[in-house]
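Thanks, everyone. I have one structure to show today, so let me put it up.

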Amino acid sequence: MEPLMAVAIGILFAAAIYMMLRRSIVKLVIGLMLLSNAANLLIFSTAGMVRGAPPLIAQGLTAPEGVVADPLPQALVLTAIVIAFGVLSFAVVLVRRAWEIVRADDLDRMKDTDT
């Protein structure tokens with residue numbers, strides 16, 4: 001399962017970089033979202049992909065018994081998802097405003113305007 005995830009993460013990173021290098025601002029935003037999803041999958045896969053019990057310790061014990069899930073990567077990815085949604089919302093508003101002013105999707109045409 002882990003080699004398959006490594007290939008999927010690599011493909012997502014490659015697609016994100018490819019999309020971010022295009023001249024279209026919409027493709028730039030799509031690439032940014034692919035990049036954030038690839039980073040989230042990377043965090044999950046480096047934390048170990050083992051199904052386990054919740055990270056709870058029974059009453060009276062000092063350590064958990066058996067295999068447990070690590071809550072830190074889950075918390076990091078949940079936070080990253082919320083931040084990525086905020087960045088996406090902000091980027092969509094910027095793209096819409098740039099389209100209203102410039103009437104172009106090409107980044108080269110956008111940098112030549114003085115508005």
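What pattern does the protein follow, read along the sequence? The pattern is α-α-α-α. In total there are four helices and zero strands. Helices here are DSSP runs of H or I with at least four residues, strands are E runs of at least two, and both are numbered from the N terminus.

Two notes on the source. This is a predicted model, where local features need pLDDT of at least 70, side-chain atom pairs count only at pLDDT 80 or more, and totals for chains, interfaces and linings use all residues. Residues are numbered from 1 along each chain as its sequence is written, and side-chain values use heavy atoms, with hydrogens and water left out.

Overall shape next. The C-alpha trace spans about 70 × 30 × 15 Å along its principal axes. The radius of gyration is 20 Å, while a compact globule of 115 residues would have one near 13 Å. That radius is taken over C-alpha atoms, and the globule rule is 2.2 Å times the number of residues to the power 0.38. Buried residues make up 20% of the 115. Buried means under 20% relative accessible area, exposed over 50%, partly exposed in between, with a 1.4 Å probe and protein chains only.

Now the helix pairs. How do α1 and α2 cross? Helix α1, residues 2-20, and helix α2, residues 25-46, have axes that come within 8 Å and cross at roughly 155 degrees. That makes α1 roughly antiparallel to α2. Axes are lines fitted to C-alpha atoms, for helices over the stretch in contact, with angles from 0 to 180 degrees between N-to-C directions. Roughly antiparallel means over 145 degrees. On the α1 side, the contact includes Met 5, Ile 9 and Phe 13. On the α2 side, Leu 28, Leu 35 and Leu 42 are among them. Contact means heavy atoms within 4.5 Å. The residues divide into 17 nonpolar, two polar and one charged. Nonpolar covers Ala, Val, Leu, Ile, Met, Phe, Trp, Tyr, Cys and Pro; charged covers Asp, Glu, Lys and Arg; the others, Gly among them, are polar.

On to α2 and α3. Their axes come within 10 Å and cross at roughly 175 degrees. They are therefore roughly antiparallel to each other. Among the residues that meet are Val 29 and Phe 44 in α2, and Val 77 and Leu 88 in α3. This contact has 16 nonpolar, three polar and no charged residues.

Last, one residue. Leu 78 is found in helix α3, residues 71-102. Is Leu 78 buried or exposed? Leu 78 counts as exposed, because its relative accessibility is 54%.

Methods
Parallel < 35°, antiparallel > 145°, perpendicular 65-115°, else oblique.
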